[in-house]
Amino acid sequence: MIKKIVIIDNSYLSYSGKDINGEILRGTETSLIILAEHFALKGYYVDFCTNIDQKINYNNVNYFNKNKINKNILYDLAIAVSDCNQFDFVSAKKKAIFSVSNQPFEKFLRKKQLFSFLKHKPYVVTLCNYQYNKRSFLTSMFGKKMIPIAVDPKFLNLEIDLDYLPKKKVIYNIRSNRNLDWLIDIWCKKIFPYSKDSELYITPNIIEYNESLKNNNIFLRNIKSRSEMINEMKEYRALTYIGHKSDIFTLTCEEAVKMCIPVVTFGIGSVSD
C-alpha cells in the first residue's frame, strides 16, 4: 500500500510548489517543498497544507488549505511545522514536528505547545547538529532526529566553470539583520581599506542605506526570483555571513557551497556545522 504523508504549515504564507522560484519563499518553505517532492518521487502519496486558497497538484504533491484537512483520512505520517496543535486536526499513525527554531522550554510554554506535545507524542526533526544539540529533553522527550537540509536539485545539478574567477564581489544574501551591523563594521574597518576594488552587496530594507555605506563600496542588491538568483550568484567571489545564535539552518549558505562559492563566517549558530 502507498504510504500517505501530510505536511501542515500553519504560517500566514499562501504558497505551493509553483512558488519555489519566486520571491515570497524563505528557507523553511523551500526546504519543505523539496522534501515533499522527494517523498512523491519515492512513490508516496503526499498532501501539503498551507494557507493557499485553491487546491492544486504540482509535481505529484497535493496542495490545499490547512482548514480543509479530512480527519477521516488516516495518514502514515503527519509532519507539523513547529506547531503541535495542528495534530488535533489530523489522523496519523506517526507524528513529527519539523522544528524551525531552537524553542527553549519557556517559548514552548508561551506558544501553548505543551499540552498538544504530551497528547500527540511527536518526535522532533532538526536540520543541523547545532539545533539537535540545543533542543532540550523536555521539548524532545519522544525522540529527535537530524536530517540534512533539503537543497533544490537545481543547485546539485548546476554546471560550474571552475576556471572562472569572478570580480571581488561579496554577497550577504540573508533576508533579515543577522549581525549585519557587525559585518558592515568589519568591512569598513578591516577589508575595504586594504581592497578598494572589493564590493559588498547586501539585502535591501533591513538597514538604513546611506552615503557612508556607498563610499565603502557597500551596495543594495535586488531581490530576484530563485532562478535569477542562481545566475547572479555565479558573479560573486564569496558569500559572507557571520552567523547568529538563533539560526537553526541557513539554506542560503548551503546553496552557495553547492555552487562552489566559499562561505566566510564566524561559525555562530547553525553555520558552525
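Because the two residues are four apart in helix H9, Lys-258 and Glu-254 are separated by about one helical turn; helices (H or I, at least four residues) and strands (E, at least two) are DSSP runs, numbered from the N terminus. Lys-258 is partly exposed, with a relative accessible area of 30%, and Glu-254 is partly exposed at 27%, where buried means under 20% relative accessible area, exposed over 50% and partly exposed in between (1.4 Å probe, protein chains only).

Residues are numbered from 1 along each chain as its sequence is written, and side-chain values use heavy atoms, with hydrogens and water left out. Since the model is predicted, local features need pLDDT of at least 70 and side-chain atom pairs count only at pLDDT 80 or more, while totals for chains, interfaces and linings use all residues.

## Other salt bridges

A search of the whole structure finds six salt bridges. One of them joins Asp-197 to Lys-168, with the closest N and O atoms 3.6 Å apart, and this pair links distant parts of the chain, Asp-197 lying in the loop between helix H6 (180-191) and strand S10 (199-202) and Lys-168 in the loop between H5 and strand S9 (169-172), 29 residues apart.

Another salt bridge brings together the side chains of Asp-185 and Lys-189 (3.1 Å, N to O), which are four residues apart in helix H6 and therefore separated by about one helical turn. Asp-185 counts as partly exposed at 36% relative accessibility, whereas Lys-189 is exposed, with a relative accessible area of 53%.

## Helix H1

The 15 residues of helix H1 (residues 27-41) should span 21 Å at 1.5 Å a residue, and the end C-alpha atoms of H1 are 21 Å apart, which agrees; the expected span is 1.5 Å times one less than the number of residues. Twelve of the 15 residues of H1 are buried, so this helix is largely enclosed by the rest of the structure. Just after H1, Gly-43 takes a positive phi of about 95°.

The largest pocket has a volume of about 1,300 Å³ and is lined by 46 residues, of which Arg-26, Gly-27, Thr-28, Glu-29 and Phe-249 lie nearest its centre. On a 1 Å grid over the protein atoms alone, a pocket is an open set of points where a 1.4 Å probe fits, with protein on both sides within 12 Å along at least five of seven lines, and lining residues have an atom within 4 Å of a point. H1, helix H8 (226-233) and helix H9 (251-258) each supply at least two residues of this lining.

The second largest pocket has a volume of about 540 Å³, and among its 28 lining residues Ser-31, Ile-34, Leu-35, His-38 and Ala-150 lie nearest the centre. H1 gives the most to the lining of the second largest pocket, with seven residues.

## Strand S4 and its partners

Five of the five residues of strand S4 (residues 61-65) are buried, so S4 is largely enclosed by the rest of the structure. Strand S2 (residues 45-50) pairs with S4 in the parallel sense over five bridges, pairing being counted when DSSP finds at least two bridges between two strands. Strand S3 (residues 56-58) runs antiparallel to S4 and is joined to S4 by three bridges. S3 and S4 form a hairpin with two residues between them, and Asn-59 in the turn has a positive phi of about 50°.

Conventions
Grid points are joined across faces, edges and corners, and a volume is the space filled by probe spheres set on the points. A salt bridge is a side-chain nitrogen of Lys or Arg within 4 Å of a carboxyl oxygen of Asp or Glu.
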